[in-house]
Amino acid sequence: MTAKPLDEMVIQHFFKKAWAVVGNDVCLAVKKIFKYGKLLKEINSTLITLIPKVHHPKLVTEFRPIACCNVLYKCISKVLTNRIKETLNKLVNLNQSAFIHGRNIQDNILLTQELLKNYNRKGGAKRCALKIDIAKAYDTVSWEFLRNALIKFGFHRRMVDWIYTCISSTTFSICVNGESNGYFKGGRGLRQGDPISPYLFTLVMEVFTLIMAKKVENSTEFKYHTGCKELKLTHLCFADDLLVICHGSVGSINVIKESIDEFSKVSGLEPNLNKIPLITKRLGREECKQLIDKVKNKVKDWKNKVLSYAGRMHLIDSILNSMQVYWASVFLLPKSTVKDIERVLKGFLWCQGDLSRGKAKIAWKTLCKPKCQGGFGFKELGMWNEVLLTRHIWNIAANKESLWVKWVHIVKLKGKNFWEVSSESNDSWMWKCLLGLREKAKHHIEYIVENGKRISVWYDKWNEMGALCQIIDSRNLYNARYDKKATVADMIHNNQ
(Lines give C-alpha, C1' and ligand atoms only; values in the text may rest on other atoms or scores of the structure.)
Protein backbone atom coordinates (compact mmCIF):
# COMPACT_ATOMS: atom_id res chain seq x y z
CA MET A 1 0.00 0.00 0.00
CA THR A 2 3.00 2.32 0.06
CA ALA A 3 2.61 4.75 -2.83
CA LYS A 4 5.01 6.61 -5.03
CA PRO A 5 4.50 10.41 -4.77
CA LEU A 6 2.99 10.67 -8.27
CA ASP A 7 0.51 7.91 -7.48
CA GLU A 8 -0.73 9.30 -4.14
CA MET A 9 -3.66 11.20 -5.64
CA VAL A 10 -4.59 8.14 -7.69
CA ILE A 11 -4.73 5.99 -4.54
CA GLN A 12 -6.85 8.55 -2.70
CA HIS A 13 -9.16 8.64 -5.70
CA PHE A 14 -9.36 4.82 -5.59
CA PHE A 15 -10.46 4.80 -1.93
CA LYS A 16 -13.15 7.39 -2.60
CA LYS A 17 -14.53 5.57 -5.63
CA ALA A 18 -14.28 2.10 -4.10
CA TRP A 19 -15.43 3.04 -0.59
CA ALA A 20 -18.61 0.99 -0.92
CA VAL A 21 -16.42 -2.09 -1.40
CA VAL A 22 -13.40 -1.45 0.88
CA GLY A 23 -14.83 1.05 3.38
CA ASN A 24 -15.97 -1.51 5.96
CA ASP A 25 -12.58 -3.29 5.93
CA VAL A 26 -10.71 0.01 6.33
CA CYS A 27 -12.84 1.04 9.31
CA LEU A 28 -12.41 -2.38 10.95
CA ALA A 29 -8.62 -2.19 10.45
CA VAL A 30 -8.42 1.27 12.06
CA LYS A 31 -10.61 0.20 15.01
CA LYS A 32 -8.52 -2.91 15.53
CA ILE A 33 -5.33 -0.86 15.72
CA PHE A 34 -6.81 1.38 18.42
CA LYS A 35 -8.15 -1.66 20.28
CA TYR A 36 -4.89 -3.63 20.41
CA GLY A 37 -2.38 -0.76 20.05
CA LYS A 38 -0.24 -2.47 17.41
CA LEU A 39 0.64 -1.57 13.83
CA LEU A 40 1.67 -3.95 11.07
CA LYS A 41 4.95 -3.01 9.38
CA GLU A 42 3.13 -2.85 6.04
CA ILE A 43 0.77 -0.19 7.38
CA ASN A 44 3.52 2.01 8.81
CA SER A 45 6.03 1.61 5.97
CA THR A 46 7.04 5.01 4.60
CA LEU A 47 8.53 6.16 1.33
CA ILE A 48 10.95 9.08 1.70
CA THR A 49 11.00 11.46 -1.25
CA LEU A 50 13.81 13.99 -1.46
CA ILE A 51 12.60 17.50 -2.37
CA PRO A 52 15.38 19.91 -3.53
CA LYS A 53 15.78 23.04 -1.39
CA VAL A 54 17.80 24.79 -4.13
CA HIS A 55 17.62 24.76 -7.94
CA HIS A 56 20.75 22.65 -8.46
CA PRO A 57 21.37 20.53 -5.32
CA LYS A 58 24.76 18.87 -4.96
CA LEU A 59 24.76 17.79 -1.31
CA VAL A 60 22.39 15.57 0.65
CA THR A 61 21.76 18.47 3.05
CA GLU A 62 20.29 20.44 0.14
CA PHE A 63 17.31 18.07 -0.01
CA ARG A 64 14.25 18.06 2.26
CA PRO A 65 13.03 14.52 3.10
CA ILE A 66 9.24 14.27 2.82
CA ALA A 67 7.61 11.14 4.21
CA CYS A 68 4.88 9.67 1.99
CA CYS A 69 2.69 7.65 4.36
CA ASN A 70 -0.02 5.34 3.07
CA VAL A 71 -3.72 6.10 3.28
CA LEU A 72 -4.57 3.69 6.10
CA TYR A 73 -1.82 5.07 8.35
CA LYS A 74 -2.93 8.63 7.63
CA CYS A 75 -6.45 7.75 8.80
CA ILE A 76 -5.00 6.55 12.12
CA SER A 77 -2.70 9.56 12.46
CA LYS A 78 -5.51 11.98 11.63
CA VAL A 79 -7.72 10.57 14.39
CA LEU A 80 -4.92 11.13 16.93
CA THR A 81 -4.18 14.57 15.48
CA ASN A 82 -7.77 15.76 15.90
CA ARG A 83 -7.67 14.79 19.59
CA ILE A 84 -4.34 16.54 20.21
CA LYS A 85 -5.41 19.75 18.45
CA GLU A 86 -8.20 20.29 20.97
CA THR A 87 -5.74 20.56 23.87
CA LEU A 88 -2.96 22.72 22.41
CA ASN A 89 -4.61 26.06 23.23
CA LYS A 90 -4.57 25.11 26.92
CA LEU A 91 -1.09 23.58 26.98
CA VAL A 92 0.98 25.84 24.73
CA ASN A 93 2.17 29.33 25.64
CA LEU A 94 1.04 32.28 23.49
CA ASN A 95 4.59 32.73 22.16
CA GLN A 96 3.83 29.81 19.80
CA SER A 97 1.24 30.56 17.14
CA ALA A 98 1.84 28.04 14.33
CA PHE A 99 -0.45 24.98 14.05
CA ILE A 100 -2.71 26.13 16.91
CA HIS A 101 -6.36 26.84 16.16
CA GLY A 102 -7.26 30.49 16.60
CA ARG A 103 -3.65 31.70 16.51
CA ASN A 104 -1.75 33.17 13.59
CA ILE A 105 2.00 33.10 12.98
CA GLN A 106 1.67 36.61 11.50
CA ASP A 107 1.15 37.93 15.05
CA ASN A 108 4.65 36.81 16.00
CA ILE A 109 6.08 38.43 12.87
CA LEU A 110 4.43 41.75 13.75
CA LEU A 111 5.68 41.55 17.32
CA THR A 112 9.20 40.75 16.09
CA GLN A 113 9.22 43.89 13.93
CA GLU A 114 8.31 45.99 16.96
CA LEU A 115 10.90 44.43 19.25
CA LEU A 116 13.72 44.70 16.71
CA LYS A 117 13.11 48.24 15.52
CA ASN A 118 16.11 50.57 15.80
CA TYR A 119 18.51 47.65 16.32
CA ASN A 120 20.62 49.18 13.58
CA ARG A 121 21.07 52.43 15.54
CA LYS A 122 23.74 53.22 18.07
CA GLY A 123 22.82 54.10 21.63
CA GLY A 124 19.64 53.32 23.56
CA ALA A 125 19.01 50.46 25.96
CA LYS A 126 21.19 47.36 25.75
CA ARG A 127 19.32 44.63 23.91
CA CYS A 128 20.12 41.20 22.54
CA ALA A 129 18.25 39.08 19.99
CA LEU A 130 19.33 35.60 18.90
CA LYS A 131 17.77 34.05 15.79
CA ILE A 132 18.15 30.30 16.30
CA ASP A 133 17.35 27.66 13.70
CA ILE A 134 16.88 24.13 15.01
CA ALA A 135 19.09 21.92 12.85
CA LYS A 136 17.12 19.06 11.23
CA ALA A 137 14.37 19.82 13.71
CA TYR A 138 11.80 17.13 12.93
CA ASP A 139 14.40 14.48 12.13
CA THR A 140 16.26 14.51 15.46
CA VAL A 141 13.56 14.53 18.16
CA SER A 142 14.17 11.81 20.76
CA TRP A 143 11.22 9.40 20.95
CA GLU A 144 11.74 8.66 24.62
CA PHE A 145 11.86 12.37 25.41
CA LEU A 146 8.62 12.94 23.50
CA ARG A 147 6.93 10.04 25.29
CA ASN A 148 7.87 11.43 28.71
CA ALA A 149 6.82 14.94 27.69
CA LEU A 150 3.35 13.74 26.63
CA ILE A 151 2.90 11.97 29.97
CA LYS A 152 4.00 15.09 31.89
CA PHE A 153 1.59 17.22 29.87
CA GLY A 154 -1.23 15.01 31.18
CA PHE A 155 -2.11 12.87 28.17
CA HIS A 156 -3.71 9.51 29.00
CA ARG A 157 -1.24 6.61 29.02
CA ARG A 158 -3.20 4.77 26.36
CA MET A 159 -3.16 7.85 24.14
CA VAL A 160 0.60 8.16 24.65
CA ASP A 161 1.06 4.49 23.72
CA TRP A 162 -0.89 4.96 20.48
CA ILE A 163 1.23 7.99 19.52
CA TYR A 164 4.48 6.26 20.47
CA THR A 165 3.54 3.20 18.41
CA CYS A 166 2.86 5.39 15.36
CA ILE A 167 6.20 7.24 15.50
CA SER A 168 8.44 4.36 16.60
CA SER A 169 7.25 1.43 14.48
CA THR A 170 7.93 3.08 11.16
CA THR A 171 10.17 1.66 8.43
CA PHE A 172 11.61 3.63 5.51
CA SER A 173 12.51 3.28 1.86
CA ILE A 174 14.13 6.02 -0.23
CA CYS A 175 12.62 7.11 -3.54
CA VAL A 176 15.37 7.88 -6.10
CA ASN A 177 14.45 8.62 -9.72
CA GLY A 178 11.03 7.06 -9.23
CA GLU A 179 12.34 3.80 -7.75
CA SER A 180 12.23 2.79 -4.07
CA ASN A 181 15.51 1.66 -2.53
CA GLY A 182 16.37 0.16 0.87
CA TYR A 183 14.23 -0.86 3.80
CA PHE A 184 15.31 0.25 7.28
CA LYS A 185 13.87 1.20 10.66
CA GLY A 186 13.93 4.65 12.16
CA GLY A 187 15.67 5.49 15.42
CA ARG A 188 14.40 8.98 16.24
CA GLY A 189 12.59 11.92 14.71
CA LEU A 190 9.17 12.89 13.38
CA ARG A 191 8.19 12.44 9.75
CA GLN A 192 7.55 15.50 7.59
CA GLY A 193 4.38 14.33 5.88
CA ASP A 194 2.79 12.66 8.90
CA PRO A 195 -0.33 14.70 9.91
CA ILE A 196 0.52 14.46 13.62
CA SER A 197 4.14 15.65 13.39
CA PRO A 198 3.61 19.47 13.49
CA TYR A 199 1.47 19.21 16.61
CA LEU A 200 3.89 16.93 18.43
CA PHE A 201 6.74 19.29 17.56
CA THR A 202 4.72 22.18 19.00
CA LEU A 203 4.62 20.31 22.32
CA VAL A 204 8.36 19.64 22.06
CA MET A 205 9.04 23.38 21.74
CA GLU A 206 6.74 24.04 24.69
CA VAL A 207 9.22 22.09 26.81
CA PHE A 208 11.85 24.67 25.85
CA THR A 209 9.47 27.42 26.99
CA LEU A 210 9.05 25.71 30.37
CA ILE A 211 12.81 25.21 30.78
CA MET A 212 13.45 28.84 29.87
CA ALA A 213 10.80 30.10 32.30
CA LYS A 214 12.28 28.02 35.14
CA LYS A 215 15.82 29.25 34.45
CA VAL A 216 14.69 32.88 34.36
CA GLU A 217 12.69 32.48 37.58
CA ASN A 218 15.69 31.02 39.43
CA SER A 219 18.20 33.54 38.08
CA THR A 220 19.15 36.78 39.81
CA GLU A 221 21.06 38.04 36.76
CA PHE A 222 18.50 37.73 33.96
CA LYS A 223 16.96 40.96 32.70
CA TYR A 224 14.13 41.17 30.19
CA HIS A 225 14.33 42.79 26.77
CA THR A 226 12.85 46.27 26.42
CA GLY A 227 9.04 46.05 26.28
CA CYS A 228 8.93 42.43 27.46
CA LYS A 229 8.99 42.54 31.27
CA GLU A 230 5.23 42.91 31.77
CA LEU A 231 4.50 39.81 29.67
CA LYS A 232 7.62 37.95 30.89
CA LEU A 233 8.45 37.40 27.23
CA THR A 234 11.81 35.73 26.53
CA HIS A 235 11.34 34.19 23.08
CA LEU A 236 9.03 33.70 20.12
CA CYS A 237 8.58 30.45 18.20
CA PHE A 238 8.20 30.25 14.42
CA ALA A 239 7.59 26.50 13.94
CA ASP A 240 11.18 25.17 14.11
CA ASP A 241 12.84 28.60 14.43
CA LEU A 242 13.38 30.59 17.61
CA LEU A 243 13.85 34.28 18.28
CA VAL A 244 15.30 34.62 21.80
CA ILE A 245 15.40 38.13 23.26
CA CYS A 246 16.83 39.58 26.45
CA HIS A 247 18.73 42.50 27.94
CA GLY A 248 22.21 42.88 26.49
CA SER A 249 24.05 41.65 29.58
CA VAL A 250 26.34 38.66 30.05
CA GLY A 251 24.19 37.28 32.88
CA SER A 252 21.05 37.28 30.70
CA ILE A 253 22.80 35.61 27.79
CA ASN A 254 24.24 32.94 30.10
CA VAL A 255 20.71 32.04 31.23
CA ILE A 256 19.67 31.64 27.59
CA LYS A 257 22.69 29.46 26.84
CA GLU A 258 22.00 27.23 29.84
CA SER A 259 18.36 26.84 28.73
CA ILE A 260 19.32 25.91 25.18
CA ASP A 261 21.98 23.46 26.36
CA GLU A 262 19.58 21.69 28.73
CA PHE A 263 16.85 21.52 26.09
CA SER A 264 19.31 20.08 23.54
CA LYS A 265 20.51 17.49 26.02
CA VAL A 266 17.05 16.11 26.82
CA SER A 267 15.34 16.47 23.42
CA GLY A 268 18.10 15.62 20.95
CA LEU A 269 17.59 18.91 19.08
CA GLU A 270 20.64 21.02 18.27
CA PRO A 271 20.62 24.76 17.45
CA ASN A 272 22.04 26.18 14.24
CA LEU A 273 22.99 29.82 14.81
CA ASN A 274 23.88 30.64 11.20
CA LYS A 275 20.52 30.91 9.47
CA ILE A 276 17.89 33.45 8.39
CA PRO A 277 18.79 37.15 8.55
CA LEU A 278 16.21 39.63 9.87
CA ILE A 279 14.96 42.90 8.39
CA THR A 280 14.44 45.66 10.98
CA LYS A 281 13.83 48.58 8.63
CA ARG A 282 11.18 49.49 6.09
CA LEU A 283 10.43 46.82 3.50
CA GLY A 284 11.96 48.02 0.23
CA ARG A 285 12.10 47.02 -3.41
CA GLU A 286 15.26 44.95 -2.90
CA GLU A 287 13.67 42.82 -0.13
CA CYS A 288 10.61 42.25 -2.34
CA LYS A 289 12.68 41.12 -5.32
CA GLN A 290 12.56 37.49 -4.20
CA LEU A 291 8.75 37.63 -4.17
CA ILE A 292 8.70 38.98 -7.73
CA ASP A 293 11.23 36.35 -8.84
CA LYS A 294 9.10 33.63 -7.25
CA VAL A 295 6.08 34.67 -9.30
CA LYS A 296 8.19 34.93 -12.48
CA ASN A 297 9.72 31.48 -11.97
CA LYS A 298 6.30 29.95 -11.49
CA VAL A 299 5.12 31.51 -14.75
CA LYS A 300 8.19 30.22 -16.61
CA ASP A 301 7.47 26.69 -15.42
CA TRP A 302 4.11 26.73 -17.18
CA LYS A 303 3.89 26.45 -20.95
CA ASN A 304 1.26 29.16 -21.27
CA LYS A 305 1.35 29.00 -25.05
CA VAL A 306 -0.57 25.72 -24.90
CA LEU A 307 -3.10 27.03 -22.37
CA SER A 308 -6.41 28.66 -23.24
CA TYR A 309 -7.30 32.06 -21.80
CA ALA A 310 -9.66 30.29 -19.41
CA GLY A 311 -6.79 28.08 -18.22
CA ARG A 312 -4.50 31.05 -17.69
CA MET A 313 -7.18 32.95 -15.81
CA HIS A 314 -7.76 29.97 -13.52
CA LEU A 315 -4.03 29.70 -12.71
CA ILE A 316 -3.79 33.44 -12.01
CA ASP A 317 -6.81 33.36 -9.73
CA SER A 318 -5.99 30.14 -7.84
CA ILE A 319 -2.18 30.10 -7.66
CA LEU A 320 -0.36 33.26 -8.74
CA ASN A 321 -2.64 35.61 -6.80
CA SER A 322 -2.22 33.51 -3.65
CA MET A 323 1.60 33.49 -3.74
CA GLN A 324 1.89 37.02 -2.35
CA VAL A 325 -0.90 36.69 0.25
CA TYR A 326 1.52 35.76 3.05
CA TRP A 327 3.70 38.82 2.39
CA ALA A 328 0.71 41.10 1.86
CA SER A 329 -0.87 40.06 5.16
CA VAL A 330 2.23 41.16 7.14
CA PHE A 331 3.87 43.98 5.13
CA LEU A 332 2.61 46.96 3.17
CA LEU A 333 4.16 46.14 -0.19
CA PRO A 334 5.83 49.00 -2.13
CA LYS A 335 3.77 50.30 -5.05
CA SER A 336 6.60 49.43 -7.42
CA THR A 337 6.45 45.78 -6.27
CA VAL A 338 2.68 45.69 -6.79
CA LYS A 339 3.12 47.03 -10.34
CA ASP A 340 5.89 44.53 -11.11
CA ILE A 341 3.79 41.57 -9.96
CA GLU A 342 0.73 42.77 -11.89
CA ARG A 343 2.92 43.21 -14.98
CA VAL A 344 3.97 39.56 -14.72
CA LEU A 345 0.35 38.44 -14.32
CA LYS A 346 -0.76 40.50 -17.33
CA GLY A 347 2.12 39.14 -19.38
CA PHE A 348 1.13 35.58 -18.48
CA LEU A 349 -2.50 36.22 -19.42
CA TRP A 350 -2.06 38.03 -22.73
CA CYS A 351 1.36 36.98 -24.02
CA GLN A 352 3.73 34.03 -24.11
CA GLY A 353 6.28 35.81 -21.96
CA ASP A 354 6.81 39.40 -20.85
CA LEU A 355 4.00 41.82 -21.57
CA SER A 356 4.55 43.87 -24.72
CA ARG A 357 3.07 47.32 -25.24
CA GLY A 358 -0.45 47.20 -26.62
CA LYS A 359 -0.91 43.46 -26.09
CA ALA A 360 -3.41 43.68 -23.22
CA LYS A 361 -6.93 43.48 -24.62
CA ILE A 362 -8.74 44.54 -21.43
CA ALA A 363 -7.56 46.95 -18.71
CA TRP A 364 -6.32 45.20 -15.54
CA LYS A 365 -8.66 47.27 -13.34
CA THR A 366 -11.58 45.94 -15.35
CA LEU A 367 -10.40 42.37 -14.88
CA CYS A 368 -10.23 42.98 -11.12
CA LYS A 369 -13.92 43.87 -10.94
CA PRO A 370 -16.37 41.22 -9.65
CA LYS A 371 -17.84 38.94 -12.28
CA CYS A 372 -21.29 40.41 -11.69
CA GLN A 373 -19.85 43.77 -12.82
CA GLY A 374 -18.24 42.42 -15.97
CA GLY A 375 -14.81 41.58 -14.57
CA PHE A 376 -13.00 38.30 -13.96
CA GLY A 377 -12.91 38.59 -10.17
CA PHE A 378 -9.10 38.98 -9.90
CA LYS A 379 -7.81 40.65 -6.76
CA GLU A 380 -6.25 44.09 -7.15
CA LEU A 381 -3.06 43.50 -5.16
CA GLY A 382 -2.65 47.01 -3.73
CA MET A 383 -6.20 47.13 -2.38
CA TRP A 384 -6.09 43.48 -1.27
CA ASN A 385 -2.86 44.22 0.62
CA GLU A 386 -4.64 46.91 2.65
CA VAL A 387 -7.62 44.64 3.31
CA LEU A 388 -5.35 41.91 4.68
CA LEU A 389 -3.56 44.37 6.95
CA THR A 390 -6.82 45.69 8.39
CA ARG A 391 -7.29 42.26 9.93
CA HIS A 392 -4.62 43.22 12.46
CA ILE A 393 -6.59 46.40 13.23
CA TRP A 394 -9.66 44.25 13.82
CA ASN A 395 -7.71 42.01 16.21
CA ILE A 396 -6.59 45.04 18.24
CA ALA A 397 -10.07 46.58 18.29
CA ALA A 398 -11.64 43.24 19.30
CA ASN A 399 -8.88 42.65 21.89
CA LYS A 400 -8.11 39.22 20.47
CA GLU A 401 -6.42 36.70 22.79
CA SER A 402 -2.93 36.82 21.28
CA LEU A 403 0.55 37.80 22.40
CA TRP A 404 0.78 40.53 19.77
CA VAL A 405 -2.48 42.19 20.86
CA LYS A 406 -1.54 41.96 24.55
CA TRP A 407 1.82 43.56 23.82
CA VAL A 408 0.17 46.37 21.83
CA HIS A 409 -2.22 47.21 24.67
CA ILE A 410 0.54 47.17 27.31
CA VAL A 411 3.42 48.83 25.45
CA LYS A 412 1.91 50.89 22.62
CA LEU A 413 -1.54 51.94 23.84
CA LYS A 414 -0.84 52.12 27.61
CA GLY A 415 -4.50 52.40 28.52
CA LYS A 416 -5.45 54.60 25.55
CA ASN A 417 -7.94 53.65 22.87
CA PHE A 418 -6.51 52.43 19.57
CA TRP A 419 -8.52 55.02 17.61
CA GLU A 420 -7.08 57.99 19.55
CA VAL A 421 -3.32 57.27 19.66
CA SER A 422 -1.04 59.28 17.38
CA SER A 423 1.98 58.15 15.43
CA GLU A 424 5.35 58.98 17.00
CA SER A 425 8.72 59.42 15.34
CA ASN A 426 10.24 56.33 16.96
CA ASP A 427 7.34 54.03 15.99
CA SER A 428 8.13 51.09 13.72
CA TRP A 429 7.29 51.36 10.04
CA MET A 430 4.62 48.64 10.31
CA TRP A 431 2.88 50.30 13.27
CA LYS A 432 2.73 53.56 11.30
CA CYS A 433 1.15 51.63 8.40
CA LEU A 434 -1.56 50.23 10.67
CA LEU A 435 -2.29 53.65 12.15
CA GLY A 436 -2.52 55.05 8.63
CA LEU A 437 -5.17 52.48 7.70
CA ARG A 438 -7.46 53.32 10.63
CA GLU A 439 -9.58 55.82 8.73
CA LYS A 440 -10.42 53.23 6.07
CA ALA A 441 -11.07 50.48 8.59
CA LYS A 442 -13.05 52.13 11.38
CA HIS A 443 -16.16 52.75 9.25
CA HIS A 444 -16.52 48.99 8.86
CA ILE A 445 -16.11 48.03 12.53
CA GLU A 446 -19.08 47.97 14.89
CA TYR A 447 -19.42 46.76 18.47
CA ILE A 448 -22.13 44.74 20.21
CA VAL A 449 -22.69 46.50 23.53
CA GLU A 450 -23.45 43.56 25.88
CA ASN A 451 -22.33 44.87 29.32
CA GLY A 452 -20.36 47.73 27.71
CA LYS A 453 -17.24 47.29 29.87
CA ARG A 454 -14.88 46.83 26.90
CA ILE A 455 -16.32 49.53 24.64
CA SER A 456 -15.19 53.17 24.61
CA VAL A 457 -18.04 55.67 24.68
CA TRP A 458 -16.19 58.16 22.50
CA TYR A 459 -13.98 56.23 20.10
CA ASP A 460 -15.82 52.97 19.32
CA LYS A 461 -18.78 52.68 16.97
CA TRP A 462 -21.49 51.23 19.21
CA ASN A 463 -24.57 53.20 18.11
CA GLU A 464 -26.26 54.24 14.86
CA MET A 465 -24.75 57.76 14.91
CA GLY A 466 -21.23 56.32 14.70
CA ALA A 467 -18.23 57.09 16.92
CA LEU A 468 -19.12 60.03 19.19
CA CYS A 469 -15.60 61.49 18.83
CA GLN A 470 -16.62 62.48 15.29
CA ILE A 471 -19.66 64.36 16.60
CA ILE A 472 -18.51 65.81 19.95
CA ASP A 473 -15.22 67.70 19.95
CA SER A 474 -12.64 67.53 22.76
CA ARG A 475 -13.46 71.03 24.07
CA ASN A 476 -17.13 70.16 24.68
CA LEU A 477 -16.07 66.93 26.27
CA TYR A 478 -13.75 68.76 28.67
CA ASN A 479 -16.36 71.39 29.52
CA ALA A 480 -18.80 68.63 30.45
CA ARG A 481 -16.09 67.04 32.62
CA TYR A 482 -16.43 63.68 30.92
CA ASP A 483 -13.53 61.23 30.97
CA LYS A 484 -12.15 60.22 27.57
CA LYS A 485 -11.46 56.76 28.98
CA ALA A 486 -15.11 56.19 29.89
CA THR A 487 -16.73 52.98 28.72
CA VAL A 488 -20.33 52.43 27.69
CA ALA A 489 -20.84 50.64 31.02
CA ASP A 490 -19.96 53.89 32.83
CA MET A 491 -22.83 55.67 31.07
CA ILE A 492 -25.52 53.08 31.80
CA HIS A 493 -27.92 53.98 34.65
CA ASN A 494 -31.03 51.97 35.37
CA ASN A 495 -30.50 50.06 32.14
CA GLN A 496 -30.79 53.30 30.14
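Helices (H or I, at least four residues) and strands (E, at least two) are DSSP runs, numbered from the N terminus.

**Entry 1: the whole chain**

I started with the overall layout: the protein has 18 helices and eight strands. I noted that this is a predicted model, where local features need pLDDT of at least 70 and side-chain atom pairs count only at pLDDT 80 or more, while totals for chains, interfaces and linings use all residues. Residues are numbered from 1 along each chain as its sequence is written, and side-chain values use heavy atoms, with hydrogens and water left out.

I looked up the span of the C-alpha trace, which is about 80 × 70 × 55 Å along the principal axes. Of the 496 residues, 45% are buried (buried means under 20% relative accessible area, exposed over 50%, partly exposed in between, with a 1.4 Å probe and protein chains only). I also checked contacts (heavy atoms within 4.5 Å): among those with a separation of 6 or more, 68% join residues 24 or more positions apart.

**Entry 2: the nonpolar cores**

Which residues touch the most other members of the largest nonpolar core? I found Leu-320, Leu-333, Trp-404 and Trp-431, in a core of 72 residues. Helix H12 (residues 335–350) gives the largest share of this core, seven residues. Apart from this core lies another, of 59 residues, with Ile-43, Ile-132, Ile-134 and Leu-203 among them.

I then picked out Leu-333. Not counting residues up to four places away in sequence, Leu-333 touches several residues, including Leu-283, Trp-327, Val-338 and Leu-381.

**Entry 3: Arg-191**

Is Arg-191 buried or exposed? Arg-191 counts as buried because its relative accessibility is 6%. I located Arg-191 in the loop between strand S5 (179–185) and helix H7 (197–218). Its side chain makes a polar contact with the side chain of Asn-44, at 3.0 Å (a polar contact is a pair of N or O atoms within 3.5 Å; within protein, one must be able to donate a hydrogen and the other to accept it, and residues adjacent in sequence count only if both atoms are side-chain atoms). Leaving out residues up to four places away in sequence, Arg-191 also touches others, among them Tyr-73, Tyr-138 and Phe-172.

Val-60 sits in the loop between strand S1 (45–52) and strand S2 (63–68). At 71% relative accessibility, Val-60 counts as exposed. I looked up its C-alpha distance to Leu-50, ten residues apart along the chain, and found 9.0 Å.

Asn-399 is in the loop between helix H14 (381–397) and H15. Its phi is near 55°, a positive value in a residue other than glycine. Asn-399 is partly exposed, with a relative accessible area of 37%.

Lys-414 lies in the loop between H15 and helix H16 (429–436). Lys-414 is not a glycine, yet its phi is positive, about 50°. With a relative accessible area of 63%, Lys-414 is exposed.

Conventions
Core = buried A, V, L, I, M, F, W, Y, C linked by side-chain atoms within 4.5 Å.
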